[in-house]
Amino acid sequence: MTLRQSFLDGLEFEADRFQIEAFDALDQGKHVIVSAPTGSGKTLVASYAVHRALERARRVFYTTPIKALSNQKYHDLVAEHGGGSVGLLTGDNVVNPEASLVVMTTEVLRNMLYAGHTLDQLDSVVLDEVHYLQDSYRGPVWEEVIIHLPARIQLVALSATVSNANELAEWMETVRGPTDLVSERHRPVELENLYLIGERNSPKLHMIRTLHGGKANPKGFRFDAQFRSPNRGARRGHKGGRRARVKWQSPGRVDVVRKLKQKDLLPAIHFIFSRNACTDAARAVVDSGMILTSQAERSQIRQIVAAKTSGLERSDLAMLEFDRFVRGLEAGVAHHHAGMVPPLKEVVEACFVRGLTKIVFATETLALGINMPARTVVLDKLTKFTGDHHESLTPAQYTQLTGRAGRRGIDRHGQAVVLWSPWVRFEQVAELASSRDFVLTSAFRPTYNMTANLVRRYDQERARQLLNLSFAQFRADASIVRSEHRLDKIRRRKQRLLTNLETEFGPISELQAAIETVDVAQADIQELAYALSQVSLGDVLELDGRDVYNGELPKIGAVISVAYRKGRRVKVVVVDEHAESFEMAPDTLRTTPTVLGSIEVPEPYLPHSMTFVFEVSERLVKTSRLGRQRKLGPTGSIQSVADVPAAARRTLQRIAKLDTELDNLQNAAAKSASSLGRNFDEVVALLESRGFIDQWKLSSKGQQLARFYHECDLLLVEALEAGIFDGLNPAEMAAMTTAFIHEDRGPNPNKDPWFPNNNLRKRFGTLTRLQWDLAKQERRAGLAETRQVSAGFMAIAYGWASGGGLDDVLVDEDVSAGDFVRTAKLLIDVLRQIAKLAKDSQIQQRAEMASVAVHRDLVAASSIVEP
């Protein structure tokens, strides 16, 4: 029996077409990229890669972007292959590291490659969620792995559906050899997009489909009253202006749950981009008295809670408001966010996967790979606060969040429900729901640690070659090719204009000399402005020019808007047969438009509505007979010698604009081609100036830098060299190390942190000056600045490492228990690195003692992963 057949015989279902295609690629020894929607079954391809390796007594690594997903995948694989065959490597856990199948975070594999680990028995590597390579912090790690992993090792890359999957596959084939792209666009469970609107002074909720026939549902526009021009029914605002009465409001979260229950749309995940709001929403539903579970389900919930929280102390449970949390779970309601401690998050996940929890209010972190499918996904808002401003969700983020909707084999349809908001037009909701635009970009840039490892392992020429193998450079090179095509097109257009100009008016040098002192543009602009002022709504125009955003105008367009700006400047918006809108002004036209006829403009007149634009476009396409043509602008044509310079000037203007466009494209191409190389040179120069590199060789602290894996790697080594850690006891060591780890949340960080003692205050001052000096050098070099150090967690770490209880160290601090645990885990990781890499034996010893002191009680219980 073949490996393939034995695998297929073990399945309880028939493999899909795209899965078979991927199996074929693996059997042919190729690398494979599987781009498919969430829940489509792309992990079956990874399972086959694991089966092939294990059956041939080879090893396979399964990498994921985050620890939580690694832990979940570890449990899944242990259930399938047994604990003896599966290992786990994350920053928190080392379980059975020599196993044939090892689950790890991608950073762990990158570190293994740089450390020179032998991978002789390694057959293949699964890169789950490979679209993470565009993540600004983790992204470069994925590219480093793909570039540095030995070519004989087969890669299985699993990705969400991306628009430029072909580009990713071409890059991987360039870097690693034969690569097959297997794409699947079809969702196994069809997604239905819904819009939910509340009504003021009424408990009634309105639920409509967002899309109708793939386009915005016309019924949705009636809920945009707040965006319409005021009318006689409007009332005055506080500044004397008029504003429309708004009948609608965002539905209350308790009401949303009732509606979902009524429509049989539970279980659901309700995404809210605020931790506190998630907790408050869950509590509001519980306090409303709503019970969504049966007695049998509540019994199962209690068993899961007992199993998952057995390692937590009573005092810690009280601090975590555990009883209130369990009361919500038993009602079928929970919240899930990064501010919770891992054991409680694991309880929520376990209950939801089993169908026991009916509604989870969660932040977007739940959408990052963790397998928690639901019947319905609710999006509270389509905007989120980034820390200093609000930004709209991208199509990629919308797809990622709604990818959880619909359980394969259970639901016929998955529902994505967006709640009404006074700040978002229905048209924006429909655009997100219908968009398939998810272009994968690269976040690759040379970091200090990466540069040190390139210097350590390769000569200069080879190091640069490896940089040029990055996806970032590949995309830049492709952009240069596209730019060259555009440049060639512009040069040919310019040459045609020059030829026509000289044929009609004589040598260009004489024309330029003749009009050197004349205002080149004004007369022509006024003539074109007059022409545009004559157009009417519905006019079908023949056009030649560019729009105000420098894109080419269509040859034919229907007018949907004529507006006059300050100074009687006219702007006209037209729609082409593809429903694309273009805005033009007098100075963007090359020639006077010709009116070919007209069409009727739809009612009501809503030129900013997607539905309105589509309707105009369809009428333009269907129009077979147009009226009599008429030329806009003053009557007559060039009849005298005096008219000739104006026509010549217009052509010269067009040539000048083309010259500007040529210069801009050439400069952009040159910048794109050399930006990575320049960035690398600046990093090398900075490291040389600080004594990390000398004539392409690492100094002793350069060797330290090559083995420090942290975003503040350079600053950490400089701090060790400056003696900032010298003589510290374990508790002080833990406190000082948090300066490199802790990030202040919110726009107003603590400006006057509390220090456990004056010794730490002085050392933090020294560290701050070190960081300022480095940041100044980074700014001069045009490099990304190392993250600012923070003293906001020092007192907490000092108290915990000194043996304090959780309630004692957090009592006066604005830090959640989940953030405390997460920061403590990061602290342990860095302390262990210091213990290995510090030159001073006392620092090594104190760092090790500090890591042990931090790794206790709730922190230790949150790190345990049992087979």
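**Notebook: helix contacts and buried residues**

I began with a helix pair: Tyr448, Asn449, Ala452, Asn453 and Arg456 of helix 16 touch Gly702, Gln703, Leu705, Ala706 and Arg707 of helix 23. I sorted these contact residues into 4 nonpolar, 4 polar and 2 charged. Contact here means heavy atoms within 4.5 Å. For the classes, Ala, Val, Leu, Ile, Met, Phe, Trp, Tyr, Cys and Pro count as nonpolar, Asp, Glu, Lys and Arg as charged, and the others, Gly among them, as polar.

I note that the model is predicted: local features need pLDDT of at least 70, side-chain atom pairs count only at pLDDT 80 or more, and totals for chains, interfaces and linings use all residues. Residues are numbered from 1 along each chain as its sequence is written, and side-chain values use heavy atoms, with hydrogens and water left out.

Next I looked up the geometry of the pair. Helix 16 spans residues 448-457 and helix 23 spans residues 700-707; they pack at about 115°, with axes 8 Å apart. Axes are lines fitted to C-alpha atoms, for helices over the stretch in contact, and angles run from 0 to 180 degrees between N-to-C directions. The helices are DSSP runs (H or I, at least four residues; strands are E, at least two), numbered from the N terminus.

Then I turned to helix 25, residues 730-737. How many of its residues are buried? I find 8 of 8. Buried means under 20% relative accessible area, exposed over 50%, partly exposed in between (1.4 Å probe, protein chains only). The cover over helix 25 includes helix 26 (758-781), helix 27 (794-801), helix 29 (817-837) and helix 30 (841-854). At the N-terminal end, Asn729 is the cap: a side-chain oxygen lies 3.1 Å from the backbone nitrogen of Ala731.

Is His148 buried or exposed? It counts as buried, because its relative accessible area is 15%. Setting aside neighbours within four places in sequence, His148 contacts Leu113, Tyr114, Leu454, Arg457, Tyr458 and Leu466.

On cysteines, I looked for disulfides (cysteine sulfur atoms within 2.5 Å). The count is 0. Cys351 is buried at 0% relative accessible area, and Cys712 is buried at 1%.

Last, the whole chain. I count 31 helices and 28 strands. Of the 867 residues, 53% are buried. Among contacts with a separation of 6 or more, 73% join residues 24 or more positions apart.

Note on methods:
Polar contact = N/O pair within 3.5 Å; in protein donor to acceptor, adjacent residues only side chain to side chain.
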